[in-house]
Amino acid sequence: MDIASGLPPDTPVWRHAATPCLEPAAAEVLLRVSGVTKYFGQRAGCIDVDLELHAGDVLAIAGESGSGKTTLLNCISGRSQPDAGTVEFNTRHEGIQDIYRLSEPRRRLLARTDWGYVHQNPRDGLRINVSAGANVGERLMAIGGRHYGNIRTATHDWMNRVELDAGRIDDMPVTFSGGMQQRLQIARNLVTHPRLIFMDEPTASLDVSVQARLLDLLRGLTRDLSLAAIIVTHDLAVARLLAHHLMIMKDGRVVESGLTDQVLDDPQHPYTQLLVSSVLQA
Amino acid sequence: MDNTALPRNTPTMLRIRDLHKTFTLHHQHGAVLPVLAGIDLEVNAGECVVLHGASGAGKSTLLRSIYANYRAQRGSIEVRHAGLWLDMATANARQLLEVRRITMGYVSQFLRVIPRISTLDIVAEPLLAAGVPAADAKSRAGQLLSRLNIPEKLWLLPPATFSGGEQQRVNIARGFIRRFPVLLLDEPTAALDAANRATVAELIEEARASGAAIVGIFHDEEVRQLVASRLYAMQALKVAA
């Protein structure tokens with residue numbers, strides 16, 4: 001990944017990866033974000049953010065509350081049109097497309113097929129008044145799955161993969177614990193085999209005891225499915241365990257980016273140094 | 001130091017030129033700590049170079065710089081990767097990940113893993129990441145754990161509750177489960193008893209004999225004697241006021 005950032009000259013940005021990509025990158029790029037900027041009135045959400053993601057890359061975006069992490073995630077994931085900049089995705093059939101120049105129905109189809117979005121609160125990502133199985137199967141039906149048996153089989157399979165008891169396929173998600181609901185949300189997202197998944201603080205609402213298993217699950221899934229992921233988190237330990245790449249945001253801008261272990265172990269920007277040194281050691 | 005007679009037909013795997021590393025601590029009144037200056041080092045296949053110097057001489061910093069965990073200010077750290085020289089100091093993130101996946105392994109003193117994952121899975125993971133089937137990866141992990149005297153009854157437990165020495169051996173098993181052409185060892189024997197130290201020395205010797213280029217830090221004199229092909233002396237730099 002090559003995260004550049006066109007900040008004004010007075011704002012130093014440390015780019016750990018200095019040389020341009022040598023590989024013939026164009027074909028492999030999955031997502032390219034250039035100059036994405038979003039304002040809410042006078043207040044900046046995120047300013048001039050660039051990033052590039054390839055298949056299987058896991059990127060964490062960290063920073064304190066209000067630093068623009070979620071705003072950026074919303075812009076990148078097609079949920080909130082940026083005021084400036086482009087978000088390009090390498091679609092399966094039509095190559096690289098600017099997602100905000102696609103028609104609304106096509107962007108939605110993209111979001112349902114090639115992308116997943118895991119909300120911090122599983123209830124925002126689940127339909128709480130239909131069964132667990134229907135929550136997973138719905139995504140398949142939304143892209144044209146009509147064979148009940150096949151949908152049921154796929155749902156079964158995915159409940160197993162996220163370590164949910166498939167015997168509870170007909171139970172309502174409200175009867176699930178928070179950790180189970182989060183895993184159900186992940187199954188619902190992955191059943192259509194997306195290539196990119198967005199996650200907003202996926203473990204923040206969970207007990208510490210459940211977080212670890214979910215982290216391991218996510219790590220296994222991204223590795224085995226070559227799934228790219230963008231994870232917003234304020235938890236640097238989550239970033240270290242899950243992400244290859246880490247971007248630190250402050251006041252809407254990317255202040256530092258690089259390999260996760262570089263940014264955490266050899267932070268260059270004053271803000272990153274402060275952030276890293278402020279973490280409580282458990 | 002660099003010019004000891006080297007065996008023939010052993011290609012240079014690692015080539016460090018004029019390496020400088022300085023830390024700037026923005027929240028300590030912008031204190032600047034120069035740790036490495038003008039480091040030159042070459043390591044050939046089949047060699048184990050032991051970094052030697054007092055605490056604070058920059059041994060770990062050098063090792064971490066080679067792994068590109070720390071970024072160099074100046075100089076080059078070239079590694080022979082996929083038949084070509086690649087400078088770790090300027091390579092991009094994708095290249096660095098590839099080098100770490102294929103060419104360069106790093107064994108630290110500490111085990112840093114997701115909690116509640118079984119020991120066997122932790123050790124097998126580097127093989128899984130390299131695409132080895134799960135059954136093979138786990139059987140290989142089991143062999144290494146046995147060799148490092150981790151009793152089988154512990155394999156399915158997460159290592160969080162293990163003793164320091166046991167955790168370190170799990171870490172070593174994880175570090176040695178793949179054969180890397182370049183291997184960096186940061187005090188892998190620090191918390192081990194004599195028998196286990198000897199086993200680790202054997203593992204290192206096997207890796208070296210099979211052609212790995214190894215750079216390591218060993219405080220234990222006995223292990224150093226056992227594994228070192230040569231020493232590379234390092235001295236602490238003066239801190240500018």
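The following questions and answers explain how terms are applied to this predicted model.

Residues are numbered from 1 along each chain as its sequence is written, while chains are lettered from A and ligands numbered from 1 in the order in which they are written. In this predicted model, local features need pLDDT of at least 70, side-chain atom pairs count only at pLDDT 80 or more, and totals for chains, interfaces and linings use all residues; side-chain values use heavy atoms, with hydrogens and water left out.

Q: What makes β2(A) and β3(A) a pair of strands?
A: Strands (E, at least two residues) and helices (H or I, at least four) are DSSP runs, numbered from the N terminus. Two strands pair if DSSP finds at least two bridges between them. Strand β2 (residues 29-40) and strand β3 (residues 43-54) of chain A have eight bridges in the antiparallel sense, so they meet the definition.

Q: Why is the contact between E138(A) and R127(A) called a salt bridge?
A: A salt bridge is a side-chain nitrogen of Lys or Arg within 4 Å of a carboxyl oxygen of Asp or Glu. For E138(A) and R127(A) the N to O distance is 2.6 Å, so the pair qualifies. E138(A) lies in helix α4 (residues 132-142) of chain A and R127(A) in the loop between α3 (122-125) and α4, eleven residues apart.

Q: Why are E138(A) and R127(A) called partly exposed?
A: Buried means under 20% relative accessible area, exposed over 50%, and partly exposed in between (1.4 Å probe, protein chains only). E138(A) has 23% and R127(A) has 39%, so both fall in the middle class.

Q: What makes the salt bridge of K21(B) and D266(A) a link between two chains?
A: The side chains meet at 2.7 Å, N to O. K21(B) lies in strand β1 (residues 12-25) of chain B and D266(A) in the loop between α9 (260-265) and α10 (270-277) of chain A, so the pair joins two chains. Both K21(B) and D266(A) are buried.

Q: Why is S77(A) called buried?
A: S77(A) has 6% relative accessibility, which is under 20%, so the residue counts as buried. Its place is in the loop between α1 (69-76) and β5 of chain A. Leaving aside neighbours within four places in sequence, S77(A) is in contact (heavy atoms within 4.5 Å) with W115(A), Y117(A) and F198(A).

Q: How do you know that residues 1-6 of chain B call for caution?
A: pLDDT is the predictor's confidence in each residue, from 0 to 100. Over residues 1-6 of chain B, pLDDT stays under 50. Where pLDDT is low, the predicted coordinates should not be read in detail. The mean pLDDT of chain B is 90, and 95% of its residues reach 70 or more.
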